[in-house]
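Student: I have a structure open and would like to go through it with you. Where shall we begin?
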Amino acid sequence: MILRRIATAIKKQDWFTVLVETLIVVFGVFIGLQVNNWNTVNTARAAERQLLSQLKSDVEAAVKLKTNWLSETQLHRQSLVEAVDIIQNKPQQEISRDAQCRAMWSSHLIFYPVAPLGSLDEVLSKSSLFTPLGQAVRPALLNYRDQHTVIRQLNTTLTALANLGDTYSDAFPRHLIPAPLLESPLDEKANPKAARLTDATFDTACLLENIRTNQSIQNKLLSNLARTDGVLQRVTLELGALGSIKADLMQAKL
């Protein structure tokens, strides 16, 4: 209709009408483009906010998982330190708790729970976070990614920890728990640990006399302790980075 009016106005050389009708067309196209742009931006903002909300849930789950692991590993470390102190500095003293013996023969077992944040990868894969919230939280995200990368690399080195129970069986003898004390293998759902032959089905002793006279065992205990300390330090940094992300997202009331 508008094009027909413009054509008629041109034939009549009614340039004022041509100008008005042309401006109407241009203005209409401009408004249409602006509305489309606004819709695109609003959709992107909503998607980014939803993604950051999911990230907040992932971060909270990761903080809980890693905090629990950190607490357990710190207790394990404390027991290991106590046991080594008794062996090296208190020749007349026996270890007083099962946890101290367990900490020695299991000192090579550091199963750090790597909890990758899929939502973090998705957020950082975007070329930019254009909302103020996204821009504010991005530095904390990048810091956590760096810490998490170091932890993943560190995990690949934990295989070098000395398995003292296998290497020094005279110092850490193992005995299978008598069958009557074990749950039936058929009862795996009720007691999955007892349904398989794992460390949970072994009774491992610590013969302090043999440990005290073997400097290699003591050296390897200290090496495992040092690696444990290294992991604990890195996890503490990683938790700090996660805490920064959580604080930024909570401040935004996500």
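Tutor: Let us begin with Ser106, which is buried, with a relative accessible area of 9%, where buried means under 20% relative accessible area with a 1.4 Å probe and protein chains only. This is a predicted model, in which local features need pLDDT of at least 70, side-chain atom pairs count only at pLDDT 80 or more, and totals for chains, interfaces and linings use all residues. Residues are numbered from 1 along each chain as its sequence is written, and side-chain values use heavy atoms, with hydrogens and water left out.

Student: Where is Ser106 found?

Tutor: Ser106 sits in the loop between helix 3 (98-105) and helix 4 (118-124), helices being DSSP runs of H or I with at least four residues and strands runs of E with at least two, numbered from the N terminus.

Student: And what does the side chain of Ser106 reach?

Tutor: The Ser106 side chain reaches the backbone oxygen of Arg102 at 2.4 Å.

Student: New topic: which residues form a disulfide?

Tutor: Cys101 and Cys206 do, with their sulfur atoms 1.9 Å apart, a disulfide being a pair of cysteine sulfur atoms within 2.5 Å. Because Cys101 lies in helix 3 and Cys206 in the loop between strand 2 (202-204) and helix 7 (208-212), the pair ties together parts that are 105 residues apart in sequence.

Student: Are those cysteines, Cys101 and Cys206, buried or exposed?

Tutor: Both Cys101 and Cys206 are buried, and their link is right-handed, with 90° about the S-S bond.

Student: How many helices and strands are in the protein?

Tutor: The protein has eight helices and two strands, running α-α-α-α-α-α-β-β-α-α from the N terminus on.

Terms used. Buried < 20%, exposed > 50% of the residue type's maximum accessible area, 1.4 Å probe, protein only. Polar contact = N/O pair within 3.5 Å; in protein donor to acceptor, adjacent residues only side chain to side chain.
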